Amino acid sequence: MEKLSNFKRQEILNNLKQDQELDLIVIGGGITGAGIALDAATRGLKTAVLEMQDFAAGTSSRSTKLVHGGLRYLAGFEVKLVAEVGKERAIVYENGPHVTTPEWMMLPFHKGGTFGPFTTNIGLRMYDFLAGVKKSERRKMLDPSEALRKEPLLKKNDLKGAGYYVEYKTDDARLTLEVMKKAVEHGAQAINYMKVINFIYNDEGHVIGVETEDQLTGDKDALYAKKIINACGPWVDTLREIDGSNQGKHLYLTKGVHLVFSNDVFPLQQAIYFDAPDGRMVFAIPREGKTYVGTTDTPYDANIAHPTATVEDRDYIIGAIHDMFPSINITADDVESSWAGLRPLIAEDGKNPDEISRKDEIFTSDSGLLSIAGGKLTGYRKMAEQIVDIVVKQLKEEEGILYSESVTKHETISGGDVGGSKGFATFKKQKIQEAMKLGISEENAIRIVSRYGSNVDTILDIYQEKKEEAEKENIDRLVFAELIYGVEKEWVCKPVDFFIRRTGALFFHIDWVYHHKDAVTQYLAKTFEWTNSEQNEYEAELEQLLDEATFKS
């Protein structure tokens with residue numbers, strides 16, 4: 001089994017240094033950076049990705065976990081954007097149906113609310129046309145009785161009906177990982193916990209490399225490339241500051257918070273997109289026996305690496321739940337977990353945060369540093385294509401190097417070899433049966449097949465091969481199989497990597513984290529030969545995040 005984590009870390013670094021000059025260094029290992037790496041690597045560019053935290057640790061693991069079709073852009077008459085984003089959604093789904101799935105969404109309208117039957121019907125009809133929505137997923141209009149049949153918890157007073165349309169839900173962190181793994185398959189080199197601390201320039205002032213600091217060892221190095229892309233999400237302006245090019249438009253960060261409840265206390269049957277009392281829009285979505293609700297939208301200027309949900313955020317969302325679902329008597333004690341993430345919007349004078357478009361923009365500095373900011377999860381592939389087109393054009397003009405056009409439109413991501421969206425149901429059924437024959441429960445079989453797609457075979461192989469080792473380590477066999485896979489195939493370095501980005505458990509199955517955290521940490525400590533201080537640091541990091549997710553700190 002090819003090993004991608006700490007086992008090959010120094011080897012990868014040595015290779016990058018020996019290359020002297022890569023074609024492209026991508027700074028940032030979120031969905032945008034992963035998409036750029038895949039697009040560049042499939043065109044033949046020698047590419048490296050450097051991420052100062054874990055892959056997807058920023059915005060790309062802290063979104064609403066929906067691959068939106070861009071419906072909200074209609075309100076701003078951004079017709080071209082709706083058409084592009086809607087079509088991209090279908091591509092994201094087709095290339096990785098195990099990690100992105102259709103979800104029927106209800107948009108209820110009440111007397112005096114933001115939406116009404118007439119305008120919603122027209123908007124959804126336009127959306128179906130612009131986004132090229134397939135016939136089976138086109139909008140429907142529901143009368144009040146139909147809406148209540150689909151979701152009895154809805155506020156009945158003044159309910160005028162609902163729009164009914166399809167969004168796509170995803171595991172944002174796993175989508176990022178699957179794209180990154182596919183980039184590595186095509187030759188990209190990717191390293192997490194590798195911070196860029198400065199740029200290197202030639203005598204003409206053009207950027208030709210980066211200075212790095214390994215966040216696990218403290219080692220510093222220099223890496224060189226013909227082109228460098230800053231794809232750091234909320235940190236884009238931080239690197240533009242280092243480059244001396246943070247002028248003109250800049251990032252405007254807003255914080256979004258989500259709360260997670262057990263389905264026992266919030267038994268939502270149907271995903272709902274609804275008005276909060278102050279007019280902001282909120283999602284309530286059932287997932288894996290839970291219901292999660294968000295998001296807030298507040299300006300943010302604190303620690304970019306560590307946004308947290310406040311009591312005020314929590315109470316705002318609970319208030320929105322009480323308003324739309326008055327029969328649900330939810331309290332703060334019912335919150336099982338939460339997360340907070342940042343949206344890097346492009347600032348425009350005279351506009352409020354909720355009016356600013358999420359459209360991506362590319363900035364080219366005098367030094368040649370390319371920066372990409374804004375945009376949405378849904379558009380990651382197209383964003384990558386656009387900025388790599390610029391790189392390819394520059395390399396052709398400057399050095400006469402020719403590269404192909406983007407091929408990622410039809411590039412299946414890692415885990416996506418399941419027969420496309422049409423074949424996934426059959427694939428899933430077959431693999432669930434195979435897992436159950438090995439003694440895995442149906443619930444867990446469904447979970448791992450949905451999580452790993454065509455890579456589930458590797459999980460099942462480890463499950464069978466490592467039975468005795470799992471018993472020796474006193475770790476549940478399936479947990480051990482996922483952990484081994486995470487360490488050897490998905491760059492797991494710390495407990496938080498496994499419990500948040502690889503499994504999503506800290507958000508959606510927090511009791512599972514409490515149950516397995518000690519055994520997992522002990523195994524990682526032994527495997528990576530941590531010192532006592534390192535183990536204490538990583539244990540404390542996980543405990544802090546657990547406390548923050550449950551509002552204990």
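**Burial, pairing and packing in a predicted model**

User: What is the relative accessible area of Glu288?
Analyst: Glu288 counts as partly exposed; on this scale, buried means under 20% relative accessible area, exposed over 50%, and partly exposed in between (1.4 Å probe, protein chains only). This is a predicted model, in which local features need pLDDT of at least 70 and side-chain atom pairs count only at pLDDT 80 or more, while totals for chains, interfaces and linings use all residues. Residues are numbered from 1 along each chain as its sequence is written, and side-chain values use heavy atoms, with hydrogens and water left out. For Glu288, the relative accessible area is 40%.

User: What is the phi value of Glu288, and where does Glu288 lie?
Analyst: Glu288 lies in the loop between strand 13 (281-287) and strand 14. Helices (H or I, at least four residues) and strands (E, at least two) are DSSP runs, numbered from the N terminus. Although Glu288 is a residue other than glycine, its phi is positive, near 50 degrees.

User: Which peptide bond is cis, with omega near 25 degrees?
Analyst: One of its two residues, Thr295, is placed in the loop between strand 14 (290-294) and strand 15 (298-299). The cis bond runs from Gly294 to Thr295.

User: Which residues does Leu483 contact, leaving aside neighbours within four places in sequence?
Analyst: Leu483 is among the residues with the most contacts inside the largest core. Contact means heavy atoms within 4.5 Å. With the sequence neighbours set aside, the partners of Leu483 are Ile475, Phe498, Val520, Tyr523 and Leu524.

User: How are helix 15 and helix 17 oriented to each other?
Analyst: Helix 15 (residues 495-502) packs on helix 17 (residues 510-528) at an angle of about 140 degrees, with the axes 9 Å apart; axes are lines fitted to C-alpha atoms, for helices over the stretch in contact, and angles run from 0 to 180 degrees between N-to-C directions. The contacts bring Pro495, Phe498 and Phe499 of helix 15 to residues of helix 17 including Trp512, Val520 and Leu524. Angles under 35 degrees count as roughly parallel, over 145 as roughly antiparallel, 65 to 115 as roughly perpendicular and the rest as oblique. Helix 15 and helix 17 are therefore oblique.

User: How is helix 10 oriented to helix 12?
Analyst: Phe427, Lys431, Glu434 and Ala435 in helix 10 meet Val456, Asp457 and Leu460 in helix 12. Helix 10 (residues 420-437) and helix 12 (residues 456-465) pack at an angle of about 5 degrees, their axes being 11 Å apart. That angle makes the two helices roughly parallel.

User: Why is strand 6 largely enclosed by the rest of the structure, and how many bridges join strand 4 to strand 6?
Analyst: Strand 6 (residues 159-170) is largely enclosed because 10 of its 12 residues are buried. Two strands pair if DSSP finds at least two bridges between them; strand 3 (residues 66-67) pairs with strand 6 in the antiparallel sense over 2 bridges, and strand 5 (residues 140-142) does so over 3 bridges. Val67 has Tyr168 as its bridge partner, Leu142 stands opposite Ala162, and Met105 stands opposite Tyr165. Strand 4 (residues 100-110) runs antiparallel to strand 6, and the number of bridges joining them is 11.

User: Which residue stands opposite Ala48 of strand 2?
Analyst: Strand 2 (residues 47-50) is covered on both faces, with Thr47 and Val49 buried on one side and Ala48 and Leu50 on the other. Strand 1 (residues 22-27) pairs with strand 2 in the parallel sense over 4 bridges. Opposite Ala48 stands Ile25.

User: What distance separates the C-alpha atoms of Leu16 and Ala48?
Analyst: Leu16 belongs to helix 1 (residues 9-19) and is buried, with a relative accessible area of 2%. Beyond four places in sequence, Leu16 touches Leu22, Ala48, Gln189, Ile191 and Leu223. Leu16 and Ala48 are 32 residues apart along the chain, and their C-alpha separation is 7.9 Å.

Key
Core = buried A, V, L, I, M, F, W, Y, C linked by side-chain atoms within 4.5 Å.
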